[in-house]
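Colleague: I'm new to this one and would like a hand reading it. Could you walk me through it?

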Amino acid sequence: MSDALGRGRSMDSIPSTFTNGSCSPNGLDPDISPDEQEEKARLIAQVLELQNTLDDLSQRVDSVKEENLKLRSENQVLSQYIENLMSASSVFQSTSPNTKKK
């Protein structure tokens, strides 16, 4: 519908299911009871809510993945830094069994 409006057509030129009598005014099948219509509307609302929740969770997963990659990179840098410090320090040098002090 918005595509038709984007090309300069007015709402009056777009066929409506409400004006041609093929559908009830509430957009649901006229053969079902009001209780069934209410249940269908409730289920549709629930599906839409679940879709929004899924979208939010997907965005959260993406942001957590990005944060995880950043932290892994930082951990690699810190690990390399610690290794370099340890190799430069005499405290962490391995002692050879052949060089015993008397």
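Colleague: Where does Phe92 lie?

Modeller: Helices are DSSP runs of H or I with at least four residues, strands are runs of E with at least two, and both are numbered from the N terminus. Here Phe92 lies in the segment after α2 (34-88). Keep in mind that this is a predicted model, where local features need pLDDT of at least 70, side-chain atom pairs count only at pLDDT 80 or more, and totals for chains, interfaces and linings use all residues. Residues are numbered from 1 along each chain as its sequence is written, and side-chain values use heavy atoms, with hydrogens and water left out.

Colleague: How many helices and strands does the chain have?

Modeller: Two helices and zero strands.

Colleague: Is Phe92 buried or exposed?

Modeller: Buried means under 20% relative accessible area, exposed over 50%, and partly exposed in between (1.4 Å probe, protein chains only). Phe92 has a relative accessible area of 52%, so Phe92 is exposed. Of the chain's 102 residues, 5% count as buried.

Colleague: Which residues make the nonpolar surface patch?

Modeller: A patch takes residues with over 30% relative accessible area and no salt bridge, joining nonpolar side chains (Val, Leu, Ile, Met, Phe, Trp, Tyr) within 5 Å and like charges within 9 Å. A salt bridge puts a side-chain nitrogen of Lys or Arg within 4 Å of a carboxyl oxygen of Asp or Glu. Tyr81, Ile82, Leu85, Met86, Val91 and Phe92 make this patch of about 640 Å².

Colleague: What does the UniProt annotation say about residues 40-74?

Modeller: The unreviewed UniProt entry annotates them as "coiled-coil region". In the model, residues 40-74 are 100% helix, with the end C-alpha atoms 51 Å apart.

Conventions. Areas by Shrake-Rupley, 256 points an atom, 1.4 Å probe, with all protein chains shown as cover. UniProt positions renumbered as here; feature names shortened; annotations may be inferred.
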